[in-house]
Amino acid sequence: MFSFILGCLYLILALIILFLIKEKFNIFGFIYNPNNRKFLVIFDIPFLLLSFAAIIEEVHWFVLIIFFMHALNTMTLLIKPDIFYQSKGEMQLMEEESLHNYLIIMTSIVGIGCLLVSYL
């Protein structure tokens, strides 16, 4: 059940990202603004908790990867935010459109993967 909820949350997030891109919102400017660090941590906590609950419910490698990625991201933002904000330079080497596409595709794949895990 938690994998299903997590999958739905990721697919809703993909739709929200599509809407923000359509409205010309600077997603990566928001993410890499150090003033928004608390928001990013708070935003990441539901994904972390749901993936942890899904692991407790049924251990699956896909959900484990999701949990560890969210845990790593949250810990990096809390303990060593410099490392997180250093990746901004790497992101600027790519075109903004490809970053948006990557974000939407990865969020959708994770959402669909979580839905598949919940049905298997």
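Colleague: How many salt bridges does a search of the whole structure find?
Modeller: The search finds one, counting a side-chain nitrogen of Lys or Arg within 4 Å of a carboxyl oxygen of Asp or Glu. This is a predicted model, where local features need pLDDT of at least 70 and side-chain atom pairs count only at pLDDT 80 or more, while totals for chains, interfaces and linings use all residues. Residues are numbered from 1 along each chain as its sequence is written, and side-chain values use heavy atoms, with hydrogens and water left out.

Colleague: Which residue forms a salt bridge with Lys22?
Modeller: The partner of Lys22 is Glu23, and their closest N and O atoms are 3.8 Å apart.

Colleague: And is Lys22 buried or exposed?
Modeller: Lys22 counts as exposed because its relative accessibility is 61%, whereas Glu23, at 44%, is partly exposed; buried means under 20% relative accessible area, exposed over 50%, and partly exposed in between, with a 1.4 Å probe and protein chains only.

Colleague: Switching to the largest pocket, which residues lie nearest its centre?
Modeller: Ile31, His70, Asn73, Leu103 and Thr107 do, out of 36 lining residues. A pocket here is an open set of points on a 1 Å grid over the protein atoms alone, with protein on both sides within 12 Å along at least five of seven lines, a 1.4 Å probe fitting at the points, and lining residues have an atom within 4 Å of a point.

Colleague: What kinds of residues make up that lining?
Modeller: The lining of the largest pocket divides into 30 nonpolar, five polar and one charged.

Note on methods:
Ala, Val, Leu, Ile, Met, Phe, Trp, Tyr, Cys and Pro count as nonpolar, Asp, Glu, Lys and Arg as charged, and the others, Gly among them, as polar.
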